Amino acid sequence: MENKKIYSYMGFAAKARKLATGYNTCIYMMEKKKVKLLLTAEDLAENSLKKMEAAAQKYQVPYKIYGSIEQLSKSTGNVDKGIFAVLDENLANAIIKQIDHMQSNEKEVF
């Protein structure tokens with residue numbers, strides 16, 4: 001089940017210019033300690049997922065995997081982007097809360 005709220009929050013972040021996209025930009029923003037949440041698409045290449053997870057751990061940034069490249073790109077006004085850095089604390093917390101809530105619900109349904 002998909003959650004439209006998460007895509008809305010991602011759209012808000014993009015409109016508010018509180019969203020960085022793409023590998024190099026997200027790494028740069030993590031180095032600058034501006035990233036409140038690193039979000040990658042579920043269908044991102046496995047190697048890219050591993051690199052981003054390692055970077056998130058290195059810079060101690062919350063990390064989530066959610067949605068598809070197509071859905072996330074569409075909601076943020078991008079094309080073929082699968083790596084996103086949310087730069088706003090409140091939006092990041094709202095997205096984390098929604099993803100955690102959805103994932104806990106999925107585990108209850110065998």
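1. A residue counts as buried when its relative accessible area is under 20%. Methionine 52 has a relative accessible area of 0% and is therefore buried. The model under discussion is a predicted one, and every remark below should be read as a comment on that prediction.

2. Methionine 52 belongs to helix α3. Setting aside residues up to four places away in sequence, its contacts are Tyr23, Cys26, Ile27, Met30, Leu38, Thr40, Tyr63 and Ile83.

3. The largest nonpolar core has 36 residues, and Met52 is among the members that touch the most others, together with Met10, Met30, Leu38 and Val86. At least two residues of this core come from each of α1 (4–15), β1 (19–21), α2 (23–31), β2 (37–40), α3 (46–58), α4 (69–76), β4 (83–86) and α5 (89–108). The greatest share is that of α5, which supplies six residues. As general background, nonpolar side chains in soluble globular proteins tend to be buried together.

4. How are α2 and α3 arranged relative to each other? Their packing angle is about 10°, and their axes lie 10 Å apart. Angles under 35 degrees count as roughly parallel, and α2 and α3 are therefore roughly parallel to each other. On the α2 side the contact is made by Tyr23, Cys26, Ile27 and Met30, and on the α3 side by Lys51, Met52, Ala55 and Ala56. Sorted by class, this contact of α2 with α3 comprises seven nonpolar residues, no polar residues and one charged residue.

5. The model contains an open sheet of four strands in the order β1-β4-β2-β3, with mixed pairing. The edge positions are taken by β1 and β3 (63–65); each has a single partner strand, so one side of each is left without a neighbour in the sheet. Ignoring direction, neighbouring strands of the sheet are turned by 20° against each other on average.

6. Within the sheet, β2 and β4 are paired in the antiparallel sense, over four bridges. Threonine 40 has isoleucine 83 as its bridge partner in β4. Both Thr40 and Ile83 are also among the residues touched by methionine 52.

7. For α3 they are β2, β3 and β4, and the direction of α3 makes about 155° with that of β3.

8. Threonine 21 lies in β1 and is buried, its relative accessible area being 17%. Beyond four places in sequence, threonine 21 touches Cys26, Asn78, Lys81, Ile83 and Phe84. Isoleucine 65 lies in β3; at a relative accessible area of 32%, isoleucine 65 is partly exposed.

9. Isoleucine 65 has contacts with Thr40, Ala41, Glu42, Leu49 and Gln103 when its neighbours within four places in sequence are left aside. Isoleucine 65 and leucine 49 are separated by 16 residues in sequence, with 8.6 Å between their C-alpha atoms.

10. Most residues other than glycine have a negative phi. Arginine 17 has a phi near 60°, a positive value in a residue other than glycine. Aspartate 80 likewise has a positive phi, near 55°, and is not glycine.

11. Where do these two residues lie? Arginine 17 is found in the loop between α1 and β1, and aspartate 80 in the loop between α4 and β4. Are they buried or exposed? The threshold for exposed is over 50%. Arginine 17, with a relative accessible area of 75%, is therefore exposed. Aspartate 80, at 67% relative accessibility, also counts as exposed.

Terms used
Residues numbered from 1 in each chain as written. Predicted model: local features only at pLDDT ≥ 70, side-chain atom pairs only at ≥ 80, totals over all residues. Heavy atoms only, no water. Core = buried A, V, L, I, M, F, W, Y, C linked by side-chain atoms within 4.5 Å. Buried < 20%, exposed > 50% of the residue type's maximum accessible area, 1.4 Å probe, protein only. Axes fitted to C-alpha atoms, helices over the stretch in contact; angles between N-to-C directions. Parallel < 35°, antiparallel > 145°, perpendicular 65-115°, else oblique. Contact = heavy atoms within 4.5 Å. Nonpolar A, V, L, I, M, F, W, Y, C, P; charged D, E, K, R; others polar. Pairing = 2+ DSSP bridges.
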